Structure formats: structure tokens, C-alpha cells
2 protein chains.
Amino acid sequence: MADYTIRRARREDIDAIVRMLADDQLGATRDDAGDLEPYLRAFDEIDTDPNQVLVVVAIDDKPVGTLQLTIIPGLARRGATRGQIEAVRIHADHRGTGLGADLVRWAIDESRRRGCALVQLTSDTSRTDAHRFYGRLGFIPSHTGFKLKL
Amino acid sequence: MADYTIRRARREDIDAIVRMLADDQLGATRDDAGDLEPYLRAFDEIDTDPNQVLVVVAIDDKPVGTLQLTIIPGLARRGATRGQIEAVRIHADHRGTGLGADLVRWAIDESRRRGCALVQLTSDTSRTDAHRFYGRLGFIPSHTGFKLKL
């Protein structure tokens with residue numbers, strides 16, 4: 001595997017991140033790197049929120065993978081804080097190399113460091129490869145994830 | 001249905017909220033109102049975070065239902081902000097009265113008001129009644145929810 005670093009995303013990474021979101025079986029109909037404006041606005045919100053971390057895996061400082069980690073305080077489970085992983089993507093040229101597993105392990109470690117008792121995520125029911133991937137990392141598919149579009 | 005109000009939870013509601021969390025088929029093994037200290041600490045974190053809202057349904061100002069709404073900015077889906085619902089509970093004496101549906105509808109409306117494009121939640125796969133309840137409110141069970149205990 002090539003040398004890589006996992007680091008906080010910067011504004012100039014957004015173009016590469018959005019291309020990864022759009023280059024995806026489900027994201028293709030939902031995301032488009034043609035107009036970055038809404039993404040940059042969202043990035044500024046994420047970047048100024050201390051409970052949000054948007055990270056990239058970079059090779060030669062170029063993003064080839066990304067995920068977002070949200071820290072959610074809560075009352076249930078004796079006041080347990082949760083780490084929630086969203087928007088995990090690895091560039092098509094770098095899939096199957098172990099980068100994705102390292103990136104998710106980074107998010108698990110960061111959640112532990114921030115005192116979380118639990119890490120959670122949802123994955124579209126059609127992404128069966130992703131489900132096996134999360135299973136190998138120790139995640140249990142104990143829940144059904146519901147969405148309502150507004 | 002008795003007159004009720006939906007309002008932001010206060011520190012003095014935590015005892016009643018934790019009793020509802022503990023009086024639950026799954027929460028019974030995970031929550032306990034005997035020691036409120038960890039819950040009060042979590043409440044303070046939730047209450048000072050502008051992206052968190054812990055609410056109660058109250059009758060005569062006494063909490064008989066609760067949920068937590070988290071506002072999550074994100075890049076995916078053209079920079080869509082999400083509203084995430086957690087820890088929905090209705091006191092055993094008030095189930096089947098429509099309070100729960102009104103409470104979830106409040107969270108949907110609040111998410112819309114805050115500019116969210118999506119509302120999401122997960123529910124343990126064993127809670128089949130809850131799944132029907134969310135289906136009636138328009139939620140689609142499109143995802144698998146994974147958890148990893150730390």
C-alpha cells in the first residue's frame with residue numbers, strides 16, 4: 001500500500017471529496033461536482049462545529065478517501081456519547097487496498113479518544129459488500145435505519 | 001387525549017426522562033435512574049450544543065414522553081443537513097394515545113424549520129411495533145444500522 005496520511009479535510013479538498021461522493025452507485029443521482037457552492041457552505045458548517053470532523057485519507061496530499069465523524073452526546077445507556085460515521089467513500093482506484101478499513105479504524109479510535117461508548121453508522125440495504133466490510137470491523141447489524149425525505 | 005405541550009427538557013425533568021429510558025424492553029438492562037449523575041452531565045452537554053434539542057411531551061408540566069433531535073450538517077446529497085431522532089420514549093401509561101406520533105411529527109417539523117433535507121433514525125430490529133409506527137409516519141426502512149460497543 002502507498003504511504004498515506006489521515007488528516008482533517010480542508011476547503012481545497014472539497015472538489016475531490018464531492019467527486020468521490022458522486023462516483024458511487026447511489027450518489028451518482030444525488031451528487032454533482034459541477035456546482036460546489038452548496039458543498040462549500042456545508043463544509044464551513046461542519047468545520048466550525050466542534051462535534052464534527054470531516055477527514056480525508058491522502059496520498060501525496062491528494063484525497064483518495066473520506067468520512068465524516070459526528071460526536072453525539074445522549075442520555076440513553078447512562079449518558080453515553082456516540083460517535084457516528086457518515087459518508088465513507090474511497091476513490092475507485094484505491095478500493096480493496098485496506099485504506100477504507102484504516103479510515104474506519106481511525107474513526108473508531110477518535111471516538112474512543114473523545115470518550116464515546118458506542119460507534120454507529122447506517123448503510124443502504126443494497127450495499128451488501130459494505131455490510132460485510134463493517135462486519136469484519138466488528139460492527140453488529142442490530143438496527144433498521146429509517147429515512148424520511150423533506 | 002389530555003392537553004399536552006411539547007417543550008425543551010429542563011434539568012429537573014431528567015429523573016422522569018431516565019425512568020422512561022429504563023422502563024423499556026431493551027433499556028431495562030442499560031439504564032438506571034438510581035444514579036442520575038452521568039445523565040445530568042450528558043444533559044448539560046446536550047443543552048449547551050446548538051445542534052442538539054432534547055424535548056419532552058408534558059401533561060400538567062410532567063414529562064410523559066421524550067426524544068432527542070440532532071442536527072447534522074453534511075456534504076452528501078448536495079450539502080444536505082439531516083435531522084436525526086434518537087431516544088424516543090413514551091411513558092407506559094400514555095402509549096397508544098397518539099402522543100408519540102405527535103412528538104415525532106414535531107421533530108420532523110423542527111428539522112424542516114432548520115433547513116434539513118432529510119430526517120433519519122434507527123430502531124432495534126426487534127422493535128417491530130416501532131417499525132410499523134415509523135412506516136405510518138412516512139419513514140422508509142432503506143438502511144441497515146450498525147453499532148460497535150467501545
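Biologist: Which side chain meets that of A:Asp102 in a salt bridge?

Modeller: In general, side chains of opposite charge can pair when their charged atoms come close. The term salt bridge asks for a side-chain nitrogen of Lys or Arg within 4 Å of a carboxyl oxygen of Asp or Glu. Here A:Asp102 pairs with A:Arg105, at 2.9 Å from N to O. Both residues belong to helix H4 of chain A (residues 99-113), three residues apart, about one turn of the helix. Helices (H or I, at least four residues) and strands (E, at least two) are DSSP runs, numbered from the N terminus.

Biologist: What should I know about the numbers before we go on?

Modeller: This is a predicted model, in which local features need pLDDT of at least 70 and side-chain atom pairs count only at pLDDT 80 or more, while totals for chains, interfaces and linings use all residues. Side-chain values use heavy atoms, without hydrogens and water, residues are numbered from 1 along each chain as its sequence is written, and chains are lettered from A and ligands numbered from 1 in the order in which they are written.

Biologist: Is A:Arg105 buried or partly exposed?

Modeller: Buried means under 20% relative accessible area, exposed over 50%, and partly exposed in between (1.4 Å probe, protein chains only). With 42% relative accessibility, A:Arg105 is partly exposed.

Biologist: Which parts of chain B does the salt bridge between B:Arg7 and B:Asp61 tie together?

Modeller: The N to O distance of this salt bridge is 3.1 Å. B:Arg7 sits in strand E1 (residues 5-8) and B:Asp61 in the loop between strand E2 (52-59) and strand E3 (62-72), so the pair ties together parts 54 residues apart in sequence. B:Arg7 is buried at 13%, whereas B:Asp61 is partly exposed at 44%.

Biologist: How many salt bridges are there over all chains?

Modeller: The whole structure holds 33. In chain A, a network of salt bridges links A:Arg7, A:Arg10, A:Glu12, A:Asp13 and A:Asp61.

Biologist: And how many disulfides are there over all chains?

Modeller: A disulfide is a pair of cysteine sulfur atoms within 2.5 Å, and the search over all chains finds zero. A:Cys116 is buried, at 7% relative accessibility.

Biologist: What rotation superposes chain B on chain A?

Modeller: Two copies of a chain are related by a rotation about an axis and a shift along it. Here the rotation is 180° with 0.0 Å of shift along its axis, and the RMSD is 0.0 Å. That is the relation of a two-fold axis. The superposition is by least squares on the C-alpha atoms of residues with pLDDT of at least 70 in both copies.
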